[in-house]
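Dear colleague,

I am passing on the structure we spoke about, and below it you will find my notes on what came out of it. Please read them with the model open beside you.

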Amino acid sequence: MRGAVLYGPRDLRFEERDTPTIIEPTDAIIRISATCVCGSDLWPYRGINPVTQPTPMGHEYCGIVEEVGSAVTSIKPGQFVIGSFFASDNTCPNCQAGYQSSCQHAELVGTAQAPLLRVPLADGTLVATPDVPSGDMIPSLLALSDVMGTGWFAADAANVKPGSTVAVVGDGAVGLLGVVSAKQMGAARIIAMSRHESRQKLAREFGATDIVTERGDEGVARIKELTDGIGADSVLECVGTQESMMQAIRSTRPGGFVGYVGVPHEVELGGEELFYSHVHLHGGPAPVRRFLPELIDLAWNGKINPGKVFDLTLPLDQVAEGYRAMDERRAIKALLRP
Ligand SMILES: [Zn+2]
C-alpha cells in the first residue's frame with residue numbers, strides 16, 4: 001500500500017509502505033474511511049521538531065474494522081470505529097481515572113495517513129458507532145479522533161460550566177472546536193481570539209459571542225475590558241507558544257482555569273507570576289478516549305458538527321498538498337480520503 005512519509009522539512013512523500021498486519025493478539029487492522037492532517041503534524045513538517053529518519057505520518061482516523069487479533073473480544077470486523085492517537089487498554093489505574101493518554105500501556109498510533117492502519121489494544125482504544133455512518137457524517141466522526149476531543153478536553157480542563165465566560169486562544173481547528181465544546185457545555189459568553197476573517201466567521205457559527213483580534217498584552221487588555229477588568233472564568237489555550245500561554249494565563253480571573261492543549265514549544269512559566277495569579281492550570285495530551293462515547297452520541301445525533309473545520313478535502317495521494325495548504329494557512333484542516 002502507499003502512505004505518507006515525512007523525510008525532512010517540507011519533504012512529505014506518498015510512497016510504498018509495508019501493509020500493516022496483526023502483530024499482537026490485541027491488535028485490530030482497520031480500513032481507513034478518512035484521515036487528515038493535524039496542526040501538530042506541521043511541527044516536524046516545518047522542521048521545528050527534527051526528523052531524523054523517514055517517518056510515516058498520521059494519527060487521526062476512523063474506518064471499518066477489517067481484521068482483529070485472537071484476544072480481541074468487543075471489536076468486530078465490519079464495525080465502523082473511531083480511536084484516539086494514543087492506544088490505551090482502558091483498564092489500568094490511569095485509564096480508569098480518565099487519563100487514557102497516560103495509559104500504563106499507551107502506544108502512539110502514528111501511521112494513519114494510509115489506506116490501512118494497525119491499532120494496538122483494540123478493545124480499549126476503539127469505539128464503534130451505532131451503525132455504519134452515511135458518507136456525509138464521516139468528517140464529523142473523523143474530527144472526534146483528535147481535534148474535537150482535544151478541544152473538548154481544553155474546555156473540560158478549564159472547568160467550563162453553564163453560565164461561564166470563556167476565552168479561546170488560538171483559531172486553528174482545535175481552538176474552533178474548543179468554541180463548540182464551550183457552547184455545548186453551556187458557556188454564556190465565548191470570546192474567540194482570532195485575526196482571520198474566515199475563522200472568525202466559523203467561530204461565530206460555532207457559538208462565539210465576541211471576537212478579539214489583538215494578541216499578547218493587547219489581547220489580554222481587551223479580554224479584561226470585556227469582563228469588567230476581571231478576566232475570563234475559563235481560558236482555552238490551543239496554540240502552545242510562550243505568547244499564547246501567557247496570553248491565556250493573564251486573561252484568566254483570579255480563581256479561574258486555563259485548559260492548555262497546544263503542545264508547548266519552548267514555553268517557560270515564572271513561578272512568582274503563577275503564584276500571584278491564583279490561576280488553575282490543567283492540560284496535556286487530551287485523553288480523547290474518555291470523551292469518545294459522549295462525542296459520538298452528540299455527532300451521531302447532529303448536536304455538534306465538528307466536521308465543518310475541514311475546509312479542504314483531497315484524495316489521499318495528494319496528502320503533500322494538504323500539508324502545504326495548512327502550512328501556508330490556506331486551509332484550516334485538510335481531510336484525506338483513500
Ligand atoms: Zn491504561
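Leaving aside residues up to four places away in sequence, Leu177 is in contact with Ala143, Val147, Met148, Gly151, Pro306 and Val309. Please bear in mind that this is a predicted model, and that what follows is computed from it.

Leu177 also belongs to the largest nonpolar core, which has 109 residues, and together with Ala28, Val166, Val168 and Val179 it touches the most other members. Because domain 1 (2–146 + 287–337) and domain 2 (148–283) both contribute residues to this core, it lies between them.

As for the domains themselves, the protein is divided into domain 1, made of 2–146 and 287–337, and domain 2, which covers 148–283. Their centres, taken over C-alpha atoms, are 26 Å apart, and the contact between them draws on 19 residues from domain 1 and 16 residues from domain 2. On the side of domain 1 that touches domain 2, helix 11 (residues 288–300) provides the largest share, with five residues. The residues on that side of domain 1 comprise 13 nonpolar, three polar and three charged.

There is also an open sheet to look at, in which three strands are arranged in the order 2-1-4 with antiparallel pairing. Strand 2 (11–16) and strand 4 (55–56) are its edge strands, each pairing on one side only. Strand 1 (residues 2–8) is joined to strand 2 in the antiparallel sense over six bridges, and Leu6 is found opposite Leu12 in strand 2. Helix 12 (residues 319–327) packs on this sheet, where it touches strand 1 and strand 2, and its direction makes about 160° with that of strand 2.

Asn90 has a phi near 65°, a positive value in a residue other than glycine, and it is placed in the loop between strand 7 (86–87) and helix 2 (93–96). Asn90 counts as partly exposed because it has 18 C-beta neighbours inside 10 Å. Asn159, which is not a glycine either, has a positive phi of about 60°, and its place is in the loop between helix 5 (147–157) and strand 11 (165–169). With 17 other C-beta atoms within 10 Å, Asn159 is partly exposed.

With best regards

Note on methods:
Residues numbered from 1 in each chain as written. Predicted model: local features only at pLDDT ≥ 70, side-chain atom pairs only at ≥ 80, totals over all residues. Domains from an automatic or database assignment. Contact = placed C-beta atoms within 7 Å. Helix = DSSP H or I, 4+ residues; strand = E, 2+ residues; numbered from the N terminus. Nonpolar A, V, L, I, M, F, W, Y, C, P; charged D, E, K, R; others polar. Buried ≥ 20, exposed ≤ 12 C-beta atoms within 10 Å, placed from the backbone. Core = buried A, V, L, I, M, F, W, Y, C linked by C-beta atoms within 7 Å. Pairing = 2+ DSSP bridges. Axes fitted to C-alpha atoms, helices over the stretch in contact; angles between N-to-C directions.
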